[in-house]
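Me: I would like a close look at one part of this model, with some account of the whole around it. Please keep to plain terms and give the cut-offs.

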Amino acid sequence: MKMSRTMKDGFAGYLFLLPALILFLLFIAEPLIVSVFLSFTEYNVITPYRWIGLDNVRQFFHDARLGLMYGNTFKYVLILVPLHMVLGLLLALGVTRKISKRWKYFYRTAFYFPVLVTSAAVAVAWSFLFDSDFGVLNYLLGQLGFDRVPWLQSPRWVYAAVALYSFWKFVGNAFLYYVIGLQNIPETLYEAAEIDGAGPLQSFFRLTLPLLSPTIFFVLVTTLIGATQIFDEPYLITGGGPGDASRSVNMYIYEVAFQSHEMGYASLVSLSLFLIILLVTVLQFRLSRTWVSYHQE
Amino acid sequence: MRITIMAGVLAALVALLTACGGGSNSGTDASASSSAPASDSGSKGKQEVTLVWNETDVSNGQLKVLLDEFNKKYPDIKVNRISVTSSGWADYFNKIQTMIAGGKAPDVIRVAIEGIQMFAKQDLLLPLDDYMKQFPDAVENYDDLHPKLQSPFVIDGKTYGFVWDWNNVVMHFNTDLLKEAGLPVPPADWTRDDFLQYAQALTTDKGGKKTFGFEIPNYYFGASAWLFNNDASVLDPTMTTSKLDDPNAIEVMQFFQDLVYKYKVAPVPNPKADMINDLITGRVAMISAGKWPFATYDKTKFKAVDVQFLPKLKTQKVIFGSGAFPVLKSAKNPEAAFKLSAFLSSSFSQKTTLSNSSIPTRISVMNEVLPQTPASNWRVYADSADIAQPVEAPMQYGSIEGIFNRYMSSILSNQMDAATAMKKAKAEIDAALAKK
């Protein structure tokens, strides 16, 4: 029996999809399904799991610390998303303007380099910089006549410390996407706008932003997901402290799973975080229809 | 056709999930094999044993020397070392458990007192008593192992390991700073008031270079030592409830907070601070730690150091933590694993590996090695073995350490007074202890 052209195309399509599908099933679908199952069990990795029905759900709604963790995570989102999005864009605009190629390469490398450095190693150096009594930052502030800042001891300042480290370490990601997006905007459009009498601000708001909107949307989605799942920065810089002041939901999940060995409850909290991220991402995609333009004509 | 392909994909998914779904049972493999000694040891060829022992404890060079000696006695046993990096004992034990759950259980593991209950109570360890009877030559003079230090590894009458190293917590002094302040190393029976006077005299600010008298031990083992000295503890003797709401425990924690904010003789603790480096560089004059800083002193050729017991508060006790090399029940060659476990506590092993970090646990080796400690008051290590009491480490140690450290950080960052923090810590620890 001969296969029709449509069937052949369909078969080829599925074959092309297969590698990605296998990876998806292995590393996303399977853990997700297992997490749903584990949410209804008591499981400490070593001894066989025990079905406990809705006990974890009851614990979820009575867990006073969890509310605090979600509050902390929300603060990270509010601070880090605008920080990375706005400053990443400004840095990208800076290196795509009319500066020599040599400096462009230098700045691009300088801004992206921290992303490539091992987080754990530089975090140790940053925690020394933030030291209240012996840190370089407080030394410099002292030279300028300012009081010492309790970077890692104050529930407020600890967010500034994490934001500073996060900006230095990860802004290169947003920066890189913006640079690529900006390079895809034809130079002829700017020349035409200039001939029509548009100034730099008009060019930016009428040309750059609309044409960059798909990139901005991508950066927004990935940065927001990254900030909601924040782990490295508080884990490495603050240890979640002082107390629980800088502990994120992801840190909490890690501790419940690997310090307390409550895999079932940790799975449930993971699912709650997954559902929130899913909801926010779907909402972003819906709203993107109103401001993201994929047409360059 | 499309339905057929989708059905194929779904079948593959089901097969995949079935293959991956054995996680809940894989962990039990560790307890699957019998604890009875094998009887056909003579007929086996080359046996392989996997040992988890970090490179931070023993270098590749030291391990080679050890294994060369081991293979002189047991030429048919090949030892493969796995080094597990971790941020502390709880993290380390978690990684071992993950290896077991993942079906990659090692055979012999380095375990400190903080984890022995956790592994033993989960039935993961092989009792070694039958092997000790069958191979009496494998364990070198059991009576030479200090009985108090060995006792944590004998649980419910079963021997799970032979103690290799131990540590206590004593005061380390930067003697250059003591000299500058015109102070001698204090006597063994110095008090809380003496300590405060020392801390105040040693806190200086010379030409912009700040030196603090003392650095707070903001970790479970170090803080527990101070609690013991005030007749307090994290847990009660049965390790079933917390005693952190006891006035004596609150008093110690409040004293720590006062050292930073009231007396200003201790730096505001940084979660990532390296107190050994701070002592060496003269940022602080006193730290409380075990024998382990001597490895760093040795590497940095730092000689201006001496040690003394912690100051007497309401009482003067000494804490200890010790470590051994238990064998997992899942060991593929339990007899070979037992022989390795026993060898690692031998005099040769302790002399090779414990010259300047932990303290040897063999009485004979202690007497030989400790006088070489580059501190005139080295006897505080030897003298405390008989009077020391173990760090409290039930099977829920990971949770308890996490809770304790979290509330201690609230106290030391001045976000909470000691009484409130300790009462909250007690409630959370009791809840953790109630979970099996």
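Reply: Chain B exposes about 17,200 Å², and carbon and sulfur atoms supply 53% of it. Accessible areas come from the Shrake-Rupley method with a 1.4 Å probe; for residues, only the protein chains shown count as cover. This is a predicted model, in which local features need pLDDT of at least 70 and side-chain atom pairs count only at pLDDT 80 or more, while totals for chains, interfaces and linings use all residues. Residues are numbered from 1 along each chain as its sequence is written, chains are lettered from A and ligands numbered from 1 in the order in which they are written, and side-chain values use heavy atoms, with hydrogens and water left out.

Chain B has 19 helices and 15 strands; these are DSSP runs numbered from the N terminus, helices being H or I with at least four residues and strands E with at least two. Of its 436 residues, 56% are buried, meaning under 20% relative accessible area, with exposed over 50% and partly exposed in between (1.4 Å probe, protein chains only). Of the contacts in chain B with a separation of 6 or more, 77% are between residues 24 or more positions apart; contact means heavy atoms within 4.5 Å.

Now the helix pair. Helix 10 (residues 220–229) and helix 18 (residues 397–412) of chain B pack at about 75°, with axes 10 Å apart. Axes are lines fitted to C-alpha atoms, for helices over the stretch in contact, and angles run from 0 to 180 degrees between N-to-C directions. The two helices of chain B are therefore roughly perpendicular, the class for 65 to 115 degrees; under 35 is roughly parallel, over 145 roughly antiparallel and the rest oblique. Helix 10 of chain B contributes B:Tyr220, B:Ala223 and B:Leu227 to the contact, and helix 18 of chain B contributes B:Tyr397, B:Ile400, B:Glu401, B:Phe404, B:Asn405 and B:Met408. By class, that contact has seven nonpolar, one polar and one charged residues. Here Ala, Val, Leu, Ile, Met, Phe, Trp, Tyr, Cys and Pro count as nonpolar, Asp, Glu, Lys and Arg as charged, and the others, Gly among them, as polar.

In helix 10 of chain B, 10 of the 10 residues are buried, so this helix is largely enclosed by the rest of the structure. The buried residues of helix 10 of chain B include B:Phe221, B:Trp226 and B:Phe228. Just after helix 10 of chain B, B:Asp231 takes a positive phi of about 60°.

Helix 18 of chain B is mostly covered, with 14 of its 16 residues buried. From first C-alpha to last, helix 18 of chain B reaches 22 Å, close to the 22 Å expected at 1.5 Å a residue; the expected span is 1.5 Å times one less than the number of residues.

Elsewhere in chain B, B:Leu66 lies in helix 3 (residues 60–73). B:Leu66 is buried, at 0% relative accessible area. Its C-alpha is 6.3 Å from that of B:Ser349, 283 residues away along the chain.
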